[in-house]
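Welcome! Let us take a friendly tour of a protein and look for empty space inside it. Rolling a probe the size of a water molecule over the atoms shows where empty space is left.

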Amino acid sequence: MHIAILYNRDHELLEDDPGREAREDVTRVASALSEALTRGDTHAEPLAVEGSRLEFVDVLARMQPDLVINLCESVAADSRGEMVIPCLLDMLGLPYTGSPALSLGLALHKDKAKELLKVRGVSTPGFARVDRLEDVGTVDLPFPLIVKPAREDASMGITGDSVVHDRAALGRAVEAVLRTFHQPALVEQFIPGREIYVPLLGNNPRRALPLTEIRFGKHFEDRPNIVTYAAKWESNSPDYQDSPSAPCQLEDAALEARLVKTAVDAFAALECQDYGRVDLRVSPEGVPYVIDINPNCDLHPDAGFAKAARAAGIDYPALATRLVEIALERAHGHPTTRRKGPGAARFLDPANRNVLAGRSNGRNRARRSRASAE
């Protein structure tokens, strides 16, 4: 079976790129997945999307892989190009992992996603979109508020100054977004309380992996408890070092059920598929609010999604294999899929899947045996 791992290599394009670390991370994810999946007669080959050039389309057309793992989060260092990739893959008739273009576009246009969530009855904080600095005065929401770029993910543009308590601070935060990112600012009611992520895997059925909570330490005692860009990507920063995330076991089963249902409803509202993560804040009253939807979330072995999978007993090679299976199962049963390579049938064959699962389980048993011996 031949798998192409498509990823953006554009982290060196802009000298002042505010999302350089997030873009660079994708190259490491591509390498990790290639190593996890390349075994036996399965070959997983990374293929970079570089700058604004589209040579990769011709490469894929010649290659005709059985599956494309789509890791692209931007094109030419612009996150808004993310939704272009599934469109091109659809035109090539190639099956791919993750959500389609519409879902990625909705998730990236945060104000549109929130409008859809409200219509579907999914709880999300009140919000306003600000396109011009002079429009700040029209924002009619109670303080405190949080200001973020309306067309980015990975915590881009979020700093300790993003949470504001008065009109003057709101103006400064909006101006910073408009100047730095050249896009609208999303102004949202800030929900104090716990920040919990719900990782979702599969389509029918769709399951929640163990929930993840951000643990804000002493560094955040007199600061907003939010995951800034530094907290997510700058490993030497106090934000990063004092906001670890880990799978959590909630003591309140009813609250956990509400969190999972809210996340599943939000994922379905945007018609996301295969895998992703929904970020929620839990108010002191126990109400979960969706603050972000992350289709095609970070698949780095040390990122939250893989950690949650490990907590569920799924090691990284098994997770990579399962993502391939889920995408091929969906493509295999979808009437609009134009073609599937010959390797897809072999991968979906139950006997071969058992072999793949056995390899992963064998490694797990070996590790447990070594641990027991030690």
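## Counting the cavities

The count comes to 4 cavities of 30 Å³ or more. A cavity here is a set of points, on a 1 Å grid over the protein atoms alone, where a 1.4 Å probe fits but cannot get out. Grid points are joined across faces, edges and corners, and a volume is the space filled by probe spheres set on the points.

This is a predicted model, in which local features need pLDDT of at least 70 and side-chain atom pairs count only at pLDDT 80 or more, while totals for chains, interfaces and linings use all residues. Residues are numbered from 1 along each chain as its sequence is written, and side-chain values use heavy atoms, with hydrogens and water left out.

## The largest cavity

The largest cavity has a volume of about 100 Å³. Its lining is made of 13 residues; lining residues have an atom within 4 Å of a point. Nearest the centre lie Ala 113, Lys 114, Ile 291, Asp 292 and Ile 293. Helix H5 (110–119), strand E7 (185–189) and strand E13 (288–295) are the elements that each give two or more residues to this lining. Helices (H or I, at least four residues) and strands (E, at least two) are DSSP runs, numbered from the N terminus.

What classes of residue make up the lining of the largest cavity? There are 8 nonpolar, 1 polar and 4 charged residues. Ala, Val, Leu, Ile, Met, Phe, Trp, Tyr, Cys and Pro count as nonpolar, Asp, Glu, Lys and Arg as charged, and the others, Gly among them, as polar.

## The second largest cavity

The second largest cavity holds about 60 Å³ of space. Among the residues lining it are Asp 25, Val 26, Val 29, Tyr 275 and Cys 297. Helix H1 (residues 20–37) gives the largest share of this lining, with 3 residues. By class, the lining has 6 nonpolar, 1 polar and 3 charged residues.

## The protein around them

Now step back to the whole protein. It has 13 helices and 13 strands. Of its 374 residues, 54% count as buried, meaning under 20% relative accessible area with a 1.4 Å probe and protein chains only.

Strand E1 (residues 2–9) pairs with E3 in the parallel sense over 4 bridges; pairing requires at least two bridges found by DSSP.

Note on methods:
On a 1 Å grid over the protein atoms alone, a cavity is a set of points where a 1.4 Å probe fits but cannot get out, and a pocket is an open set with protein on both sides within 12 Å along at least five of seven lines; lining residues have an atom within 4 Å of a point. Buried means under 20% relative accessible area, exposed over 50%, partly exposed in between (1.4 Å probe, protein chains only).
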